[in-house]
Amino acid sequence: KGAVGVDGKIAGWHDHFVGVSGARGGPGEFPGMTTQSSTVESGVPTGSWRAPGDNANYWASQSFVDELAHAAKRDPLDLRMELLSIPGAQYSYENDRMKGVLKLAADQAGWGKQLPRGQGMGIAFAHSHQGYVAVVAQVTVSPSGDLKVNKLTAGVDVGPIVNLSGAESQVAGAMLDGLGAAWFLKITIDH
């Protein structure tokens with residue numbers, strides 16, 4: 001749940017993470033935010049994914065930041081930068097590094113440029129295993145509602161890189177894996 005004030009700023013935020021493990025990720029803790037978490041027993045066997053539970057939790061929290069930005073009639077990038085600049089906020093990551101990857105991804109993608117009708121951009125960030133990542137997706141939605149991802153642009157800060165081609169492959173593979181998880185996965189459970 002969240003609320004935005006008439007000034008377009010986030011006035012309140014309450015999140016409740018529910019999962020089958022203790023993994024969580026999100027925007028951090030800032031004044032006006034309350035957080036709770038619960039675990040549930042699952043009859044569905046779970047196994048490893050390409051990365052930790054942070055992926056799904058960041059997907060949920062970053063999607064919600066977009067909903068708040070839309071409700072506040074704010075640019076989603078500007079709102080994220082503002083959240084990372086709130087005095088007294090406590091994050092499990094370094095705000096300046098997160099702002100750096102957001103700015104890098106946005107600049108490289110041409111954030112804010114005029115796009116043809118039916119096209120748009122979205123942005124999100126995540127932090128896991130001391131890595132900072134922001135991705136801009138440029139997409140097209142057809143008149144019939146079909147979605148096409150035209151381009152993904154990532155800003156990544158993982159510290160010193162020993163094998164550049166390996167790091168680039170990890171980023172490209174992670175983006176492709178994310179698209180696959182978002183669009184193509186299916187599970188059928190019988191009894």
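1. Lysine 73 is exposed, with a relative accessible area of 77%. Exposed means over 50% relative accessible area, partly exposed is in between, and buried is under 20% (1.4 Å probe, protein chains only). Lysine 73 is not a glycine, yet has a positive phi of about 55°. Lysine 73 sits in the loop between H1 and helix H2 (76-83).

2. This is a predicted model: local features need pLDDT of at least 70, side-chain atom pairs count only at pLDDT 80 or more, and totals for chains, interfaces and linings use all residues. Residues are numbered from 1 along each chain as its sequence is written, and side-chain values use heavy atoms, with hydrogens and water left out.

3. Glutamine 130 is also not a glycine, and its positive phi is about 65°. Look for glutamine 130 in the loop between S4 and S5. Glutamine 130 is exposed, with a relative accessible area of 65%.

4. The largest pocket holds about 1,800 Å³ of space. Its lining has 47 residues; Val133, Val135, Ala174, Met175 and Gly178 are the closest to the centre. On a 1 Å grid over the protein atoms alone, a pocket is an open set of points where a 1.4 Å probe fits, with protein on both sides within 12 Å along at least five of seven lines; lining residues have an atom within 4 Å of a point. The volume is the space filled by probe spheres set on the points, which are joined across faces, edges and corners.

5. Which element gives the largest share of the lining of the largest pocket? H4 does, with 13 residues. Helix H1 (54-72), strand S4 (119-128), strand S5 (131-141), strand S6 (147-157) and helix H4 (164-183) each supply at least two. Helices (H or I, at least four residues) and strands (E, at least two) are DSSP runs, numbered from the N terminus.
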